[in-house]
Amino acid sequence: MTDWANILINAGLTALYLFLAICVGLLFMGIARKVTARIHNRVGPPIYQNFLDVGKLLAKKSNIKHNWIFDFAPLFALAGVLLALAYLPMGGYRLLSGDGDLILLLYILVIPALGFALGAGASANPNAGVGVMRALTLMLSYEMPFLLVLLSLMIYYNTASLTTLLEKQMHSVWAIDVLPISALAADIALQGMMMEKPFDIPIAPHEIASGPLVEFGGNYLGMLMLYSAGSIVVETSLFVDLFLGGGIVLNPAVYGILAYVVNYIVWFALIFVVWMIAIFINAVFPRFRIEQAFKFYWKWPTLIAALGLAQAYIMSVILGVSV
Amino acid sequence: MKEFELFVGPQHVGVTGNMMYHLWVDGDTVVKAETHVGYLHRGFEKLMERRSWLMNVALIPRICVPEPDVNEAVYAMAVESLMDWEIPERAKYIRAMVLELARLSAHLLAISGYAGTIGLYTIPQWLIGDRDYILDLFEQLTGARVYHIYIFPGGVRWDLPNGFLRKLEKVLNYLESRFKLYDDLLFQNKIFFDRAPDVGVIPKEKAIEWGVTGPNLRACGYAYDVRKVDPYAAYPDLDFEIPHYPKFGDFEVLGHGCDCYSRMVVRRLEMEQSIRILRQIIKKIPDGPHTLKLPNPLAWKVPAGYAYARVESSKGEYGYLVISDGGKMPYRVHVRGPSYTHGINVIEKIAPGLNIADFAQTAFSLDVCPPDIER
Amino acid sequence: MTPENPNPLPSIIPEKDWKKIQRMLSKRSLWMVHFCTGCGAMEMPPTMTSRYDMERFGIIPMATPRQADLLLVTGYVAVKTLKRIVRVYEQMQDPKYVIAFGSCPINGGIYWDSYNTIKRLDKYIPVDMYIAGCMPRPEAIMDAFLKLMKDIDEGRADGWLRYKKYYEKYKANQRRVFKRWDE
Amino acid sequence: MNAVGIFKELGIEYEEMKVKGNKDPRYRAKVDPEKLEDIILKFKNNGFRHFVALSCVDWIKEGNMELIYHLFSYDNLEDVFLSIYLPRDQPKYKSLRHLFPQIETYEREIHEMFGVEFEGNDRLGEFILEDWEDMPPMRKDFDTEKYAKEKYGSVPLVEEGGEKE
């Protein structure tokens, strides 16, 4: 009996947790639209606009029939992002964890892109095909600096587990204080990961009519919108977890439930800041061509990340100041 | 990889208006392009043969939507040639003023469309917002925002309203103060420098032969402008320069000319010249009648003959060949739109070899306006 | 093709309330197709941008018809364009709405005697809202959007249902003006 | 060499068109269709490198079609209009698209709108119109009002009213 109760409570908590994360993502999309509108000198939609959009899309029915892979693709993308959400600590709370989950997370982040690729392939629309090719190339380009950044963190903190990483940051200082160079490289990589300008190449509407999304409509598009809301949280939260200590200011072991609430609020504020930086950059830059983005990523951010790696190596291995 | 077909348009964000480019793409590179037009064909030339000389004034602005005034001006000039009318000086100045305002608004639209294609959505928001002040001026002057029907054979419909020139001066000052922002955001943007130069190049030696005109020709390094080579309205009395590659003033000269970058910078510099011209007009505009004393408009008989009039629109040379057989209606009107060559012949020739990411920006930098292709 | 959107949760939400919720949501988030069918598209940029800003009402342009709910037929419709408009309209997902823009789709406007423009749009696809004028000012466009929202809320914007009901008749009319469908 | 000089050299009669508004002179000449290609080449080699337009006029009373080749010189600032006349019932001419590439587009349009056949242009065919079955619409004997009334006026209204929810 108690087992069942436990499972039910756990399931409820999980659902609430993922639901909250998606809501935060949708709210962020609305805020981004409002902020962008203010930069454009206009009023902009209400910040809850994206909730209405998602509701409308989910209430619509999609009449587009290609094959079952196409139907499966949005689910695949959404499931991928939910899994990533489950693995990411948000305000110190996380559903799943394990040793070496820093590397696992990298692979989970690829799942949604595969979902897009499946859907685009099934729809046989050339625009979608080009868009997916671009998305995969873009992934290949930002992953180079990002891997170097992860490596520097692993060397400095001597762990491949996110939980340990957070704990170590909680007991000393945030990683951004000791590894600022790596943090800079990670933020540039983050811009590409979130597909904000100048790296919104895969969905460029003027070139390929919104790319992988071109065939999706109705409730499929609604699911994809939920996916993108979730991925905003995943990506900003990833940065916060890696470099800003996951927003953990109070030790849950000492303060209990209060710590969770405070940490969640701090985490929210931190991912908001990271998101706003991305939005401001988004508003004032045109987009690269894909090969320019590739060259850019393999040049400057990679160089910066390599510098960060060297710093981490010198500090931890040679000077031995690692925590 | 086998080449695949890509249809840009008619329902697509990357086309200027309602037309279609049919691309054959290999990997990321366009190997062949074909333009398909006709989605906006209304048979203007046929309809004009069925309407009287004066009724046509209401019809023609609809040929080119972003810049309707050139149609009115060029039609009026052609009819005046046939009638042998010399219009009053004040009307000439007012026409020049209207045409320059139209050029400003069309360039603002062209630049914002271009910025949209490379993904800078802040520029369209600002520029089109600012363009509305020019439309407000038009509204005060003519009563309409888009189709003004203001210039007509013999002069202009009515005189300037009170205080119009003062308001014009204010708008010019405002626009000039905004140019700095546009430059910071677009014309000095690093990614614009990365993307635009040496993209969509028209071979310089072929440019004239291919029928390239207007800012696109000037971006190739020829300082040809109908306002100088075949002057009309009040332009002979006005002092202005023709910006052309490589004379870009404060702007950097990147690339080798004839590319998207030069075309956009030429447009940007032309806006400055338009403001300069408008300032001179405000100072120099003479008093006097704004129109000739016209005969009964219902019974206009235009002497038989051929007349060709041309003006410099924001897109290039705009001309009407008007043929009269002495009747109450034109016998034949042929509209020579600048986009006719840019949108079909030029783009089909320069598209092979372009990256598909650059196709939209090339099409927008040529400033193709489909309604004046098919009319 | 099912005629209407089925209610996914029949036991929790009654059919009537479900439709109400659906209408309430779709009225506040009308996405329009980015399709400049005619010269009226000239007044769309000012409506979209900083001076008039239609995003206030949740209306944004969408790149493909699959994602959109609202089709604006901006101005005269040439026969060649009508074929594309029908294609776009049929690709849109239900519920979908059409606004005919300017005097030309109402009665032909200034092109009443042109050989290449159709005179009345509602003979070929159902129209939910007309905006008169040549060209309609941005204020008129915004007004039409607000009126359409009200119509949707009250269930009067039922063009997509009429298209299904009189599908054969609409198709017959379309076939009269274009000979081929293969292209 | 300016236009007058070329006309005199080739022995072609020309007339000056009336111009008000613009400043440059415009010359119009009727030339022999056989010699047109050489004449255009002569002009092209003498600075008339800007091909402005190719227009077609249907002179129904005289029973012929006029093709007007319009050239402009940026060096001399002159316009030249060279007219050729073709029989109206079977208008046929050779394609001159090798001289100026944009002539190809004009020929496509004139083929569609006036029914003039251009030999050597392989892109003639549907250009602006689609599924057109009547006579070429720009011909003077084509009645656009009658056509519009017959084609669009006869389409019945779809029964309105719809179903209320």
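User: What lies across E1, E2 and E3 of chain B?

Analyst: The model is predicted. The element in question runs at about 155 degrees to E2(B). It covers residues 356-365 of chain B and is helix H12.

User: Which strands of that sheet in chain B stand at the edges, and why is one side of each left without a neighbour?

Analyst: The sheet is open, has three strands in the order E1-E2-E3 and pairs in the antiparallel sense. An edge strand has a single partner strand, so one side of it is left without a neighbour in the sheet. In chain B this applies to strand E1 (4-8) and strand E3 (29-36).

User: What is the average twist from one strand to the next?

Analyst: The strands of this chain B sheet follow the order E1-E2-E3. From one strand to the next, the twist averages 25 degrees.

User: Which residue in E3(B) is the bridge partner of B:His22?

Analyst: Strand E2 of chain B spans residues 20-26 and pairs with E3(B) over seven bridges, in the antiparallel sense. Within E3(B), the bridge partner of B:His22 is B:Glu34.

User: In chain D, is the pairing of E2(D) with strand E5 parallel or antiparallel?

Analyst: Strands of a sheet can pair in either sense, through backbone hydrogen bonds. With strand E1 (residues 14-16) of chain D, strand E2 (residues 26-30) runs antiparallel, joined by three bridges. With strand E5 (residues 78-87) of chain D, E2(D) has five bridges. One bridge pair here is D:Lys30 with D:Ser83, and the sense of the E2(D) and E5(D) pairing is parallel.

Technical notes: Residues are numbered from 1 along each chain as its sequence is written. Chains are lettered from A and ligands numbered from 1 in the order in which they are written. This is a predicted model: local features need pLDDT of at least 70, side-chain atom pairs count only at pLDDT 80 or more; totals for chains, interfaces and linings use all residues. Two strands pair if DSSP finds at least two bridges between them. Helices (H or I, at least four residues) and strands (E, at least two) are DSSP runs, numbered from the N terminus. Axes are lines fitted to C-alpha atoms, for helices over the stretch in contact, and angles run from 0 to 180 degrees between N-to-C directions. Two residues are in contact if their C-beta atoms, placed from the backbone, lie within 7 Å.
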